Each structure stands twice: as C-alpha cells, then as structure tokens.
Amino acid sequence: MSDHPTTGRPSVPGGAPDPGAPPVRTAGLPQLSLLLAASCMPVLGSVLIAPVLPQLGRHFAATPGAGVLVPVVLTVPALVLGLTAAFAGVLADRVDRRRVLLAAMVGYSAIGTAPLYLDSLAAILASRVLLGVFEAAIITCCTALIGDYWTGARRARYLGMQALVAAVAATLFLLVGGALGSMGWRAPFWVYLAAVLLVAPMARLLWRPEHPERATGSEGPTAVPWRLLLVPCLVTLFGGVLFYTLPVQLPFVLTAAGAGSAQQIGGISAVMSLGTAVGAALFGKLAGLSPRVLVPAELALAAVGLGVVFAAPSVLVITVGAVVTGFGTGLLVPTMIVWAVDRLDFGQRGRGTGLCTGALFFGQFLSPLVVAALGAGAGGTRPALGALAAVTATVGALVLLLLRRRTEGLTSVG
C-alpha cells in the first residue's frame with residue numbers, strides 16, 4: 001500500500017483508493033486561510049502593545065524596576081517561544097497537531113486578554129510568559145500542518161506566504177495597537193480574542209493528518225535527523241538576529257542621520273517592510289534552487305544592505321540599504337523553514353519544525369543584545385551594523401563551503 005501525500009489515507013497498488021478507507025480530503029484555500037491567520041498570532045503578541053508601552057510605564061511607575069520590566073512585557077513572549085517551540089513540536093508529533101493547535105488558540109485568547117483585569121506588573125509579566133508557550137504551540141503546529149497538507153513547490157509557496165502574511169500583519173497590528181491605545185493601555189489586549197474566534201472554523205475545516213504507518217498498526221516515534229537539521233537551525237538562529245536588526249535599530253540610525261519626524265521614520269520603516277514582503281512573496285518562484293545557491297545569496301543581500309546602512313551619507317541611501325536588507329531576510333526566513341521541513345517525514349515534522357521555529361524566534365530576541373555588544377566594541381549603532389554586515393558575509397561564505405556537495409533543489413518534487 002501507498003499513502004496519500006496530505007492525509008496518509010491508504011490506497012491500493014496502482015493508486016486506486018482502498019474501498020475500506022474513509023474518503024480522501026484535499027486541503028485548499030479554507031485550510032490555508034485558517035493556518036495563515038493563526039500564524040499571525042505570535043506576530044500579534046510581539047507588536048500589538050508596542051504603542052502603549054509608554055502608558056504602561058506611567059501606570060506602573062511606582063513599581064520597583066518598572067523601567068526594565070515594562071519593555072520585557074513586550075519581548076518576553078518571543079523569548080519563551082524560542083525556548084519552548086521544540087517542546088511544542090514533541091507534543092505535536094506525539095499527540096495530534098490539530099488538537100494541540102485548537103487548545104493553544106483557546107489558551108492564547110484566555111491568557112492574552114488577562115492584562116484586561118490584572119492589576120500588578122508582575123502578574124501581567126507572568127501572563128506574557130504563558131502567552132509565549134501558547135504562541136510556540138500555535139506557530140509550530142501551523143507550520144507542521146502546512147507541511148502535512150501540501151508537498152513540493154506548493155508547500156514552499158505556502159510557507160513563503162506564511163512569512164509574507166506575518167510581515168504584513170505586523171504593520172497592521174502596530175496600527176491597530178496605536179488606534180486602540182488612545183482608549184487606554186488595556187484596550188489593545190481585547191484583540192487577543194481574535195484567536196478564539198478562529199477555533200470553531202478550524203475545528204470544522206481542519207483535520208488530523210494520519211500517520212502513514214497508523215493504518216498498519218506499526219506506528220511509532222521516528223528519530224529526528226539532528227545532523228541533517230544542525231546547519232539549517234544554526235543559520236536560522238543567525239537569520240533571526242538579522243531579521244529583527246533593522247526593525248529595531250533603523251529608527252535610531254535615521255534619527256542620527258537627520259530624519260525629520262516620527263512620520264518620516266515610520267514611512268521609511270514601512271518601505272523596508274515592503275522589501276521584506278516582496279522577498280517572501282518571491283520565495284516560491286526560487287524554491288527549486290539549491291540551498292547552496294539560495295542561502296549564501298540571501299545572506300549576501302543582507303550583508304550588502306547592512307553595509308550600505310553603515311556607510312550611507314544620507315537618509316535616502318540608508319533607505320535603499322534597508323530595503324535591500326529587508327528583501328534578503330524576507331527570502332531567508334521561508335528558505336530556512338522549507339530547508340528543514342521538506343526533509344522531514346510525518347513523524348518528525350513537529351519536532352523539526354519546532355526546533356527551527358524556536359531558533360528563529362530566539363534569534364529575534366537576541367538581536368538587540370547582539371547589536372548592543374557589537375556597538376560597545378565598534379563605537380555605536382552604525383559601526384555595529386557594519387560589523388554585523390561583515391559577520392553576515394562570513395556566515396554566507398561558510399554555508400557555501402559546508403554545502404559544496406549539495407546540488408539538489410530546496411524542495412522535493414511534488
């Protein structure tokens with residue numbers, strides 16, 4: 001017997017359906033839309049409350065250590081996601097991706113809205129830690145389900161779309177958070193109810209992918225090929241640092257270069273985000289290339305862009321460098337995910353996806369710390385970006401050497 005690529009339902013030799021098997025279901029636009037929407041939840045957690053952090057700081061000004069703890073309220077979910085995504089992947093492999101995803105969406109809304117009634121900064125911070133756990137389960141299960149439901153070039157295209165939608169959603173959530181922030185610092189937390197609104201259609205339209213060996217009764221845990229994942233995960237960790245560098249540092253660079261207003265800085269940041277979105281959108285067309293070609297080229301783009309931002313004589317040239325960097329990282333993120341996911345079978349996919357996703361988000365958390373450390377040695381933010389450009393080019397050269405024997409395309413045929 002063989003198995004259907006998206007459901008694992010058994011079929012008889014020759015490709016004809018087994019008369020005793022349930023009807024084969026094929027994933028389409030409804031399933032993709034739900035998985036992409038759910039994938040935006042960790043992005044919502046990262047950016048939604050950014051506009052109200054000053055209000056939050058004023059509200060808890062009398063709390064000891066508020067100056068440090070208030071920014072951590074924003075960043076701690078990403079840290080927890082990075083640390084727990086691999087464990088979420090174990091759960092997804094051993095239990096059921098669909099069930100874990102539905103439970104995580106409910107928990108996300110319950111914990112995400114907790115600051116609406118919590119009255120201490122410590123309690124809010126604790127709720128944000130728990131939120132990161134649910135985010136880890138959501139993004140790991142969504143990515144694994146995309147890998148389960150689709151194969152080959154279509155899988156690559158949809159994983160690229162996942163990165164694209166997340167980039168667009170980040171901009172929208174910043175706008176929503178700012179608009180609701182005019183009603184008070186608690187108001188944006190109502191948006192976390194969006195997750196629970198998706199649960200009913202997800203329960204109806206998503207199904208549990210069948211393990212290919214379940215039908216024969218020989219199902220068991222499959223060892224994850226850690227050596228196969230080592231290079232993709234290490235590059236993904238570094239990619240997370242790159243991905244978050246300019247979104248965090250660009251406002252400071254632009255201000256020092258003479259950008260006139262917050263509106264101008266916001267517009268330039270939006271143009272950079274557009275470059276990221278274009279890179280993610282184009283990924284599906286390039287996914288047939290070898291990682292030996294794609295990854296060094298993407299790192300080279302990011303390095304060139306950072307080098308331009310470092311050396312730029314004007315705001316206009318800084319903008320060009322930022323767009324080039326955004327384009328490179330927009331291509332890099334889905335490349336890393338597909339590189340890991342497409343080489344894993346069903347029984348490994350949750351753990352492999354969790355490990356790669358965790359590396360990406362942990363890298364994003366580390367990004368400001370890395371730039372600060374480079375800046376301390378190099379003499380400021382822009383010299384730090386120049387140093388990071390050199391490191392990025394070196395990493396690209398190392399990847400080229402490590403993958404010198406890899407000639408196959410990034411995606412499998414399908």
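User: Let's start with V80. Leaving aside neighbours within four places in sequence, which residues is V80 in contact with?

Analyst: Contact here means heavy atoms within 4.5 Å. By that rule, and with neighbours within four places in sequence set aside, V80 touches V129, G132 and V133. This is a predicted model, in which local features need pLDDT of at least 70 and side-chain atom pairs count only at pLDDT 80 or more, while totals for chains, interfaces and linings use all residues. Residues are numbered from 1 along each chain as its sequence is written, and side-chain values use heavy atoms, with hydrogens and water left out.

User: Where is V80 found, and is V80 buried or exposed?

Analyst: Helices (H or I, at least four residues) and strands (E, at least two) are DSSP runs, numbered from the N terminus. V80 belongs to helix α4, residues 66–94. For burial, the cut-offs are under 20% relative accessible area for buried and over 50% for exposed, with partly exposed in between (1.4 Å probe, protein chains only). V80 has a relative accessible area of 11%, so V80 is buried. Its C-alpha is also 8.2 Å from that of F362, although 282 residues separate V80 and F362 in sequence.

User: Now the aromatic rings. How many aromatic pairs does a search of the whole structure find?

Analyst: A pair of aromatic rings is described by the distance of the centres and the angle of the planes. Rings of Phe, Tyr and Trp (its six-membered ring) pair if their centres lie within 6.5 Å; planes under 30 degrees apart count as stacked, over 60 as edge-to-face and the rest as tilted. The search finds seven aromatic pairs. One of them is F60 with W185: the ring centres are 5.8 Å apart and the planes are at 65 degrees, so this pair is edge-to-face. It links distant parts of the chain, with F60 in the loop between α3 (53–59) and α4, and W185 in the loop between α7 and α8, 125 residues apart. Both F60 and W185 are buried.

User: What about the rings of Y149 and W207?

Analyst: Their centres are 4.7 Å apart and their planes are at 40 degrees, so Y149 and W207 form a tilted pair. Here too distant parts of the chain are linked: Y149 is in helix α6 and W207 in the loop between α9 (199–205) and α10 (226–257), 58 residues apart. Y149 is buried, with a relative accessible area of 0%, and W207 counts as buried at 6%. Ring pairs also link F60, Y108, W185, F189 and Y192 into a cluster.

User: On to charges. How many salt bridges does the structure hold?

Analyst: A salt bridge is a side-chain nitrogen of Lys or Arg within 4 Å of a carboxyl oxygen of Asp or Glu. The structure holds six. Among them is R351 with D93, whose closest N and O atoms are 2.7 Å apart. R351 and D93 are both buried. R97 and D148 form another salt bridge, with the closest N and O atoms 2.5 Å apart. This pair links R97 in helix α5 (residues 97–112) to D148 in helix α6, 51 residues apart, and both residues are buried.

User: Where do D119 and R186 lie?

Analyst: D119 forms a salt bridge with R186, with 3.3 Å between the closest N and O atoms. D119 lies in the loop between α5 and α6 and R186 in the loop between α7 and α8, so the pair ties together parts that are 67 residues apart in sequence. D119 is exposed, with a relative accessible area of 62%, while R186 counts as partly exposed at 21%. Salt bridges that share partners join D93, R97, D148 and R351 into one network.

User: Which residues of α15 are buried?

Analyst: An α-helix has 3.6 residues a turn, so residues three or four places apart point the same way. In α15, the buried residues are A384, L385, G386, L388, A389, T392, V395, G396 and V399. They pack against α10, α12 (291–311) and α14.
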